[in-house]
Amino acid sequence: ANRGMSKRKSIQGQEKAKKAENQMTRLLLTVTFVFLILIALQCVTQCFFMMQPEIADMRIVNEAFSVAKLGIVINSSINFFLYCLSARKFRKELFKVLGLRRGDREESFSSSTASTTLSTAKFKMSFKA
């Protein structure tokens with residue numbers, strides 16, 4: 001399917017699609033590797049925290065564990081903003097889900113109106129019987 005679509009696209013369209021795909025790949029790799037690094041740090045510090053070896057200064061272990069947990073929370077929080085800033089498709093779907101796109105509101109409204117009309121008609125029919 002991709003090959004068929006790429007034959008139909010112009011050279012500029014192909015370059016634009018390739019650039020968008022590369023950008024999404026970089027974003028996903030960045031998010032993934034940052035998460036892996038932070039989760040590894042959190043796992044190591046948690047092991048020290050739980051085992052409490054005699055050679056480790058527990059004050060430093062406690063602080064490192066707190067920082068590692070904070071890193072995971074910050075990473076999770078930043079991911080949303082990274083996707084919003086760099087992924088057009090993510091923003092488009094987010095706006096659609098939140099009902100912030102004008103066309104989707106009208107479609108949703110007409111669908112809602114149709115279902116209300118249908119349920120009202122069913123109520124009237126059941127009331128007459």
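## Confidence

In this predicted model, confidence is lowest in helix 5 (residues 102-128), at a mean pLDDT of 47, and highest in helix 3, at 87. Here pLDDT is the predictor's confidence in each residue, from 0 to 100, and helices are DSSP runs (H or I, at least four residues) numbered from the N terminus. Over residues 104-127 the pLDDT is below 50, and this stretch has three contacts in the model beyond near neighbours in sequence; contact means heavy atoms within 4.5 Å. Where pLDDT is low, the predicted coordinates should not be read in detail. The protein averages a pLDDT of 76, with 71% of the residues scoring at least 70.

Residues are numbered from 1 along each chain as its sequence is written. Local features need pLDDT of at least 70, side-chain atom pairs count only at pLDDT 80 or more, totals for chains, interfaces and linings use all residues, and side-chain values use heavy atoms, leaving out hydrogens and water.

## Helix 3 against helix 4

The axes of helix 3 and helix 4 lie 5 Å apart, at an angle of about 105° (axes are lines fitted to C-alpha atoms over the stretch in contact, and angles run from 0 to 180 degrees between N-to-C directions). The two helices are therefore roughly perpendicular to each other, a label for angles of 65 to 115 degrees. Helix 3 contributes Phe80, Tyr83, Cys84, Leu85 and Ser86 to the contact, and helix 4 contributes Arg88, Phe90, Arg91 and Leu94.

## Largest pocket

The largest pocket is lined by 14 residues, with Lys16, Ala17, Lys19, Ala20 and Arg88 nearest its centre. A pocket is an open set of points on a 1 Å grid over the protein atoms alone where a 1.4 Å probe fits, with protein on both sides within 12 Å along at least five of seven lines; lining residues have an atom within 4 Å of a point. Helix 2 (11-51), helix 3 (58-86) and helix 4 (88-98) each supply at least two lining residues, and helix 2 gives the most, with seven.

Note on methods
Parallel < 35°, antiparallel > 145°, perpendicular 65-115°, else oblique.
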